[in-house]
Amino acid sequence: MSLRVAVIGAGPAGIYASDLLLRNENHDVSVDLFEQMPAPFGLIRYGVAPDHPRIKGIVRSLHRVLDKPNLRLLGNIEVGKDITIEELQERYDAIVISTGAVRDRELTIPGGETSIGAGEFVGFYDGNPRFERDWNLEAREVAVIGVGNVALDISRILAKTGEELLVTEIPDNVYASLKNNKAETVHMFGRRGPAQAKFTPKELRELDESDTIQVLVDPEDIDYDTQSEQLRRADKSVDLVCQVLEQYAMREPDGAPHKIHIHFFEEPVEVLTEGDKVVGIRTERQQLDGEGGIRGTGKFTDWPAQQVYHAIGYRSEPIEGVPFDLERNVIPNDGGHVLDGAQLVDSLYVTGWIKRGPVGLIGNTKSDAKETIDMLFADAEAGKLSAPAVADPDEILNLLEKRGITYTTWDGWYRLDEIERALGEKCDLNPRERKKIVEWEEMVRHAQA
């Protein structure tokens, strides 16, 4: 059976789904991979800190998928705006939505509107053209709300010097801001204990690798109840995280110019302001209740901070013409099929963070994609997929060109990649693997050259 499938979103989730589609031996599948950005790779290109080249190595495996002959990348296209879901349904046997989550959840405490979402800062330092080009880094004391890997990333970037990051792929505008960074003290806040932190052990250890940074934990924050101990015994990763935090709690402050303090059992309750300026953050001390939860103690502390970031989770954005749960910020689904109320939407599937919310590591999207693609193939074999009304696979290109929509391709990525690598080599003092191009139109121009 021949199938023509549109996958929307060329990040890890969409590429893993495309790979599973093309690997199937019982069907002759072709995939058109639509991407809103001019370049592919999504979270890997625009969500991973620049000083994490190990994680960016995942690009090599994703690259091999996109090299496959039956896959066609169509970038710089916003589905729901440049082309509708209905128009895709007319041209494909099935559609898989994998648009991820890039916006920040709101911080709903008094003064929370003055806090900066982690995604905004990540978008800046990763050179995402949809985000700010310049960043105010005048604050000497910074608060970060959250105890997950994103909170680690932004805390580490805030504590590092611009010179330390100059060996990475950061573009010139990012370096121009980071070299003037005034941050000396970063406070991270989590409302529960060490066993409930969402760090991964390796990322937590890497927080302390720079000679300019010392990580500190208050020994009083190393506390476990019965359920916390059970978590440690049941999960090696949790136990390793606790061990690293215990090591941080045993040290005395040294001469490192930048300090990162990780605070547990401190729940932020208010961002403190004077006029339009942030001056601090107020937390309430929490304690474990012995049953896996926490309760407030009524003890409040004000911490000085001139800038507050919140890393409390990302949220997905709706696509015109597709059902969306505005409370959970996901597309309603049964594990793969898109649902409109209790009804399945014909030929429409979902995978990745827009399916289950922004939880889990990049590798978790593989099993997530398998669940979705297995459903798609089961529907195909049961005769539940309707043949597209438009038979010509190239008609989609004609439609885009008729509308004057400039799209980028996989060949265009090779051209953009070559330019960015050449820019990296030309850095006289610090030659590096690449230097990112930030401006959207410049990316498109190089991809089309």
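What share of the contacts in the chain with a separation of 6 or more comes from residues 24 or more positions apart? The figure is 75%. Contact here means heavy atoms within 4.5 Å.

First, the ground rules. This is a predicted model, where local features need pLDDT of at least 70 and side-chain atom pairs count only at pLDDT 80 or more, while totals for chains, interfaces and linings use all residues. Residues are numbered from 1 along each chain as its sequence is written, and side-chain values use heavy atoms, with hydrogens and water left out.

Now the overall picture. The chain holds 17 helices and 17 strands. These are DSSP runs, numbered from the N terminus: H or I over at least four residues for helices, E over at least two for strands. The radius of gyration is 23 Å, close to the 22 Å that the globule rule gives for 449 residues, so the chain is as compact as a globular protein of that length. That radius is taken over C-alpha atoms, and the rule is 2.2 Å times the number of residues to the power 0.38. The C-alpha trace spans about 70 × 55 × 40 Å along its principal axes. Of the 449 residues, 57% count as buried. Buried means under 20% relative accessible area, exposed means over 50%, and partly exposed lies in between, with a 1.4 Å probe and protein chains only.

On to helix pairs. Axes are lines fitted to C-alpha atoms, for helices over the stretch in contact, and angles run from 0 to 180 degrees between N-to-C directions. Under 35 degrees counts as roughly parallel, over 145 as roughly antiparallel, 65 to 115 as roughly perpendicular, and the rest as oblique. A crossing is left-handed if the near helix is turned anticlockwise from the far one by less than a right angle, and right-handed if clockwise. For residue classes, Ala, Val, Leu, Ile, Met, Phe, Trp, Tyr, Cys and Pro are nonpolar; Asp, Glu, Lys and Arg are charged; the others, Gly among them, are polar.

Helix 1, residues 12–23, meets helix 14, residues 364–381. Their axes come within 9 Å and cross at roughly 45°. That makes helix 1 oblique to helix 14. The crossing is right-handed. Helix 1 brings Pro-12, Ala-13, Tyr-16, Ala-17, Leu-20 and Leu-21. Helix 14 answers with Thr-365, Lys-366, Ala-369, Lys-370, Ile-373, Leu-376 and Phe-377. By class, that contact has ten nonpolar, one polar and two charged residues.

Next, helix 6, residues 118–125, and helix 7, residues 149–159. They pack at about 55°, axes 10 Å apart. Helix 6 is therefore oblique to helix 7. This crossing is left-handed. Ala-118, Phe-121, Val-122 and Tyr-125 of helix 6 face Val-150, Asp-153, Ile-154, Ile-157 and Leu-158 of helix 7.

Is Leu-137 buried or exposed? Buried, at 4% relative accessibility. Beyond residues up to four places away in sequence, Leu-137 touches Phe-121 and Leu-158, among others. Phe-121 and Leu-158 also take part in the contact between helix 6 and helix 7. Other partners of Leu-137 include Leu-178, Gln-307 and Tyr-309. Leu-137 and Leu-178 are 41 residues apart in sequence, yet 7.3 Å apart in space, C-alpha to C-alpha.

Last pair: helix 16, residues 410–425, and helix 17, residues 440–448. The angle is about 110°, with axes 7 Å apart. These two are therefore roughly perpendicular. Helix 16 passes helix 17 in a right-handed crossing. Gly-412, Arg-415, Leu-416 and Ile-419 meet Met-443, His-446, Ala-447 and Gln-448. The classes are four nonpolar, three polar and one charged.

Asn-329 is not a glycine, but its phi is positive, about 55°. Asn-329 is in the loop between strand 15 (314–315) and strand 16 (337–340), and is buried at 19% relative accessibility. Ser-347, also not a glycine, has a positive phi of about 65°. Ser-347 lies within strand 17, residues 343–350, and is buried at 16%.

Finally, Arg-205, in helix 10, residues 201–206. At 43% relative accessibility, Arg-205 is partly exposed. Outside four places in sequence, Arg-205 contacts Val-244 and Tyr-248.
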